[in-house]
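Trainee: Could you take me through one part of this model in close detail? I would like to see how a single piece is packed, and then what else is worth a look.

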Amino acid sequence: MDIIAGFGTLFSSTESLLFVVLGSVLGLLVGAIPGLTAAAAIAMLMPVTFYLEPLSALAFIYTLSKTASFGGSIPAILFNTPGTAAAAATQIEGYPLTRQGKQGKALKIAVIASAIGDTFSELLLIFGAVYIAIYTARIGAPEYFAVYGCAFIIVGSVIGASVVKGLISTLFGILVATVGLDPITALPRYDFGILELSSGLNLIPVLLGIFVISEVLVQAEQRVFGQMTAVAPRSPDPADSRVSWPELRRCLPTIARSTSFGVVIGMLPGVGAAVACFVGYAEAKRASKTPEIWGKGAIEGVAASEAANNSVSGANLIPLLTLGVPGSTAAAMLMGVFMIHGIHIGPQVFITSRDLIYGLFAAGLVSIALYTLIGYFGSNLIGRMVSFVPIQIIYPIIFVTAFISAYAVNSSLFDVLVASVFGIIGYLMRRFDFSLPAFIIAFILGGGAEVALRRTLLMSDAGILILLERPIALIFLAIGLAVVILRLSRPLRIGNGGRASVS
Amino acid sequence: MAAKADVLVGLCVAAVGVAFFIGAETIAVEAAAARDVGSRFVPRLASALIAVLALLLVVNGLRERARGPWLDAGALGVAAVRVLPLAVAALVFVPMVHLAGYTVATILATLAALLLFGNRRWWVLLAVPIGLALLIDHLFFDTMQLYRPEGLLPGLIAG
């Protein structure tokens with residue numbers, strides 16, 4: 001069993017284990033601090049991964065993003081302020097439970113549902129991805145272009161309040177990716193005679209600008225600090241601080257249903273945990289026999305949204321590892337870490353870097369165990385700690401740390417300037433509801449998509465119509481089309497600032 | 001419902017698309033660019049689509065008789081006071097490093113950011129910038145052995 005060998009690889013490296021623990025704890029804290037996104041934290045920490053072994057670097061980033069997803073539920077339940085967009089649905093039922101003094105119960109069902117959803121998703125990744133990879137290893141340029149096209153259509157049209165703005169964000173990402181040398185002819189494009197631009201824009205400075213500096217600018221504008229001070233008193237009844245077996249049994253079908261939604265959503269590029277939590281919540285409410293108690297503190301509601309958003313995490317890696325297409329911002333950043341360490345991502349990674357990949361999967365499982373333990377016994381404490389974090393001091397520190405993180409990539413001040421410029425672009429995009437995840441995923445995939453498109457067009461006299469002769473390409477295009485139709489028939493709004501709603 | 005601001009945003013984005021499309025004309029084309037799928041192909045395609053979609057945003061706004069103000073004066077004022085100085089601080093950081101060196105630029109940028117985030121306690125304004133600059137210095141320049149940009153001023157002062 002490859003996963004057992006993966007545990008062997010992980011446990012044979014003290015450094016890797018240390019970074020799994022560090023990533024898990026840091027992820028919980030990052031997730032629990034409202035406004036501080038996992039994407040921003042990962043972008044700032046990415047330069048550190050240059051100096052680590054590949055497994056330590058990947059495990060650190062992966063576990064951080066995984067646990068941040070659960071961490072976001074803590075302030076959502078305790079303070080009615082979701083730590084991440086993915087926990088926005090958790091607060092609907094979680095906070096009323098806290099107001100009834102049942103925060104212990106809400107936090108415990110959140111961690112149980114998260115762990116179940118996440119474990120199922122991780123197992124699907126471990127045992128399913130390799131079989132998909134065997135199949136995807138055989139596909140050619142037209143199919144790859146269809147995959148990229150499908151990803152662009154989905155990220156462009158699903159995320160954000162406006163389909164048009166989402167598509168503009170995607171196209172802008174593709175356009176920015178063309179800066180530098182043409183991947184086929186090596187001719188310079190949009191370099192304006194600047195030497196540093198001739199090799200293209202580095203991923204990390206762009207990430208830092210788009211996710212970190214723009215976030216600091218938004219926080220400076222909103223200045224919503226210090227809203228997490230009122231913690232409701234805990235009920236004296238011990239039954240209100242634990243989840244009983246009948247309660248858990250009642251939640252299990254909801255958790256199972258939400259997990260399946262989360263896994264499917266996780267496999268779609270760009271849709272992500274923020275959508276999954278609302279879909280899981282809305283479907284659980286629709287299926288409930290007692291819808292009248294929803295909105296007043298139904299623990300099934302907490303279980304539904306948490307199972308859904310955490311089950312996205314493992315499934316997100318399936319398109320990344322089998323097709324080289326990141327399913328989310330966190331997966332895109334993980335792809336960046338693979339690139340930093342010279343590992344070419346795609347189906348062949350299961351052959352070329354088998355030990356590393358299964359070591360990473362093992363790190364994911366260890367991380368689930370860690371956040372389950374810490375979350376079950378320490379969520380309340382983490383929540384109270386986070387309420388004392390001086391946000392107005394943290395953001396200036398993040399602002400300046402982003403500069404040194406950008407500089408650390410190549411010891412280049414030009415990269416710092418790139419981060420600053422993209423920080424301002426990112427702020428304007430957030431301000432006018434353009435989609436940052438769509439931009440960044442398109443920026444990362446732009447080069448590969450361009451090569452696939454141009455090769456496809458050169459392959460056949462039929463031009464782009466060659467896609468109609470390829471069944472796999474047609475399947476991917478059909479998926480993209482179906483998602484767009486669903487999107488247009490069910491209006492969905494996900495704000496970049498973390499507020500989300502389904503109408 | 002489209003907002004009036006979207007009409008203006010659409011016009012700006014369309015201008016960006018057109019600028020990139022025109023800029024694509026300056027890209028050199030290889031001699032044997034088959035079926036027009038050379039170096040200019042994707043930049044032209046993406047920028048043209050951006051311009052078209054942006055115009056769609058404008059048309060949508062005009063057709064739906066978009067509501068709200070063209071420009072929200074209140075929000076613009078807040079952005080001018082809170083965001084613009086921070087954006088300027090981000091842009092002048094690199095020139096400041098060239099002038100005064102990384103450590104001094106870090107201290108000044110942290111101080112500016114702390115003030116813009118509403119911090120007024122003197123010990124915070126003193127301890128955080130100096131502490132952060134020393135930490136960055138130790139972690140990135142001493143431990144990770146990155147090249148430390150010294151700037152012009154320290155050299156001039158030292159004679």
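Mentor: In helix H3(A), the buried residues are A:Ala38, A:Ala39, A:Ala40, A:Ala41, A:Ile42, A:Ala43 and A:Met44. That makes 7 of the 8 residues in this helix, which spans residues 38-45 of chain A, so "buried" here means under 20% relative accessible area. Those buried residues pack against several helices of chain A: H2 (14-32), H4 (54-71), H10 (203-222), H16 (329-340) and H19 (391-410). Do keep in mind that this is a predicted model.

For a helix pair, go along chain A to H12 (residues 272-287) and H13 (residues 299-310). Two packed helices are described by the angle between their axes and the distance between the axes. Here the axes come within 7 Å and cross at roughly 145 degrees, and the crossing of H12(A) and H13(A) is right-handed. On the H12(A) side, the contact is made by A:Ala273, A:Ala276, A:Cys277, A:Gly280, A:Tyr281 and A:Ala284. Their partners in H13(A) are A:Gly301, A:Ala304, A:Ser305, A:Ala308 and A:Asn309. By class, the residues of this contact are 7 nonpolar and 4 polar, with no charged ones.

Finally, a word on confidence. The predictor assigns the complex an ipTM of 0.92 and a pTM of 0.84. Chain B has an average pLDDT of 87, and 89% of its residues score at least 70. Within chain B, helix H4 (residues 102-116) has the highest confidence, at a mean of 95, while helix H6 (residues 152-158) has the lowest, at 78.

Key: Residues numbered from 1 in each chain as written. Chains lettered and ligands numbered in written order. Predicted model: local features only at pLDDT ≥ 70, side-chain atom pairs only at ≥ 80, totals over all residues. Heavy atoms only, no water. pLDDT = per-residue confidence, 0-100. Helix = DSSP H or I, 4+ residues; strand = E, 2+ residues; numbered from the N terminus. Axes fitted to C-alpha atoms, helices over the stretch in contact; angles between N-to-C directions. Left-handed = near helix turned anticlockwise from the far one by under 90°. Contact = heavy atoms within 4.5 Å. Nonpolar A, V, L, I, M, F, W, Y, C, P; charged D, E, K, R; others polar. Buried < 20%, exposed > 50% of the residue type's maximum accessible area, 1.4 Å probe, protein only.
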